Amino acid sequence: MTEQRTQRFPQVGPGEDMGPPGVFYREEVQLALRNRGMPLEGLRYDVTPVGMHYLLIHFDIPDAVASDWRLEVGGLVAKPLMLGVAELRERPRVSLPVTMECGGNGRALMDPRPISQPWLIEAIGTAEWTGTPLRGLLEEAGLKPEAVEVVFTGADEGVQGDEQQFYQRSLSIEEATRDEVMIAYEMNGRPLEPQHGYPLRLLVPGWYGMTSVKWLKSIEVVARPFEGYQMIGSYRYTQSADDLGEPVTTIRVRALMVPPGIPDFLTRVRLVQRGPVTLSGRAWAGRLEVRRVEVSTDGAKTWQEARLEASIGRFAWTGWSFEWEAEPGEYELAVRATDSEGNAQPEVQNWNYQGMGNNGVQRVSVIVD
């Protein structure tokens with residue numbers, strides 16, 4: 001299978017081949033069946049049920065037993081640590097509602113699109129995560145003066161970009177020691193599900209989901225920027241295969257709408273009865289605040305402001321609603337958000353080679369009868 005894949009796609013990293021519009025390869029379908037997005041009707045929940053939260057598994061789900069699991073904290077520290085799950089549960093406990101989005105959300109809408117996990121716009125979810133602050137572990141271990149970054153290694157292993165690897169990501173010391181960064185062991189008040197990182201995962205609120213390493217086995221403090229594949233070969237804003245680009249970091253502003261009415265089974269075009277219709281959904285902006293949500297009922301030609309609700313948390317989404325008087329006809333609804341720094345979603349998605357940070361406006365086809 002690896003040989004066959006290599007023959008079809010000589011370079012197998014994200015963005016290293018482009019797929020034809022509207023046609024998906026068998027390998028992409030295979031990825032789509034292993035992973036999943038959140039059904040957009042799930043936007044009605046303040047906190048996404050675990051079974052509806054988006055899911056991306058790079059390699060395999062490791063065979064993990066909490067009682068045997070050990071988390072190693074080492075590298076440039078004065079006092080290396082080896083901690084079990086029970087020991088971590090005895091440490092200071094915090095819970096935060098956090099909206100998490102995949103860095104490649106929207107990739108399949110790009111033209112041409114990178115051949116990788118073919119996300120539409122559903123790679124999103126908000127959960128209440130519980131764990132212990134990472135900063136406390138690093139302070140106990142004692143960072144040495146020459147420390148520059150912290151490398152996080154998961155137990156999932158595979159091949160990507162022609163490189164055998166464990167899934168690894170890094171953060172600067174400044175980012176790793178932010179108050180909200182935690183080692184999580186619960187999701188929505190229950191132990192992590194196997195597919196969500198059981199028994200331990202990193203959680204970095206405000207960043208795209210690739211940063212929150214699952215099945216966390218080791219934390220290593222290092223003296224120079226980490227250049228593993230998931231930092232250099234993937235999750236970059238690039239314009240070509242040879243362009244290193246800039247790293248993908250915090251979540252860009254986005255709003256999504258609960259599709260109104262009822263769907264056509266195959267096309268998902270919405271069927272809506274005439275009369276007053278309440279359009280609603282959620283908006284989020286990573287570490288920033290959502291300042292405005294606007295709705296269009298004429299294909300993004302004109303915009304009207306929606307009503308915002310209070311956010312459920314500093315790093316979680318905000319509800320919005322809009323009253324629409326629906327008259328018979330065919331419509332393209334759209335929604336866009338603007339954050340506290342004035343960044344608004346683009347009406348036409350800005351293309352990049354790996355299909356990252358796609359936050360173009362959502363468009364929903366509707367027939368009113």
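Glu139 and Arg135 pair up through a salt bridge, with N and O 3.8 Å apart; the term covers a side-chain nitrogen of Lys or Arg within 4 Å of a carboxyl oxygen of Asp or Glu. The two sit 4 residues apart in helix α4 (residues 134-141), so about one helical turn separates them. Helices (H or I, at least four residues) and strands (E, at least two) are DSSP runs, numbered from the N terminus. Glu139 is exposed at 57% relative accessible area, while Arg135 is partly exposed at 34%. Here buried means under 20% relative accessible area, exposed over 50%, and partly exposed in between (1.4 Å probe, protein chains only).

The model is predicted, with local features needing pLDDT of at least 70 and side-chain atom pairs pLDDT 80 or more, whereas totals for chains, interfaces and linings use all residues. Residues are numbered from 1 along each chain as its sequence is written, and side-chain values use heavy atoms, leaving out hydrogens and water.

The salt-bridge count comes to 17. Another of these joins Arg93 to Glu186, with the closest N and O atoms 2.9 Å apart. That pair ties together distant parts of the chain, 93 residues apart: Arg93 in the loop between α3 (85-89) and β4 (94-101), and Glu186 in strand β9 (residues 182-187). Arg93 is partly exposed at 48%, but Glu186 is buried at 9%.

Arg336, in strand β23 (residues 329-339), forms a salt bridge with Glu294, the closest N and O atoms lying 2.9 Å apart. Glu294 belongs to strand β19 (residues 290-296), 42 residues away, and both partners are buried. Shared partners join Arg292, Glu294, Arg336 and Glu347 into one salt-bridge network.
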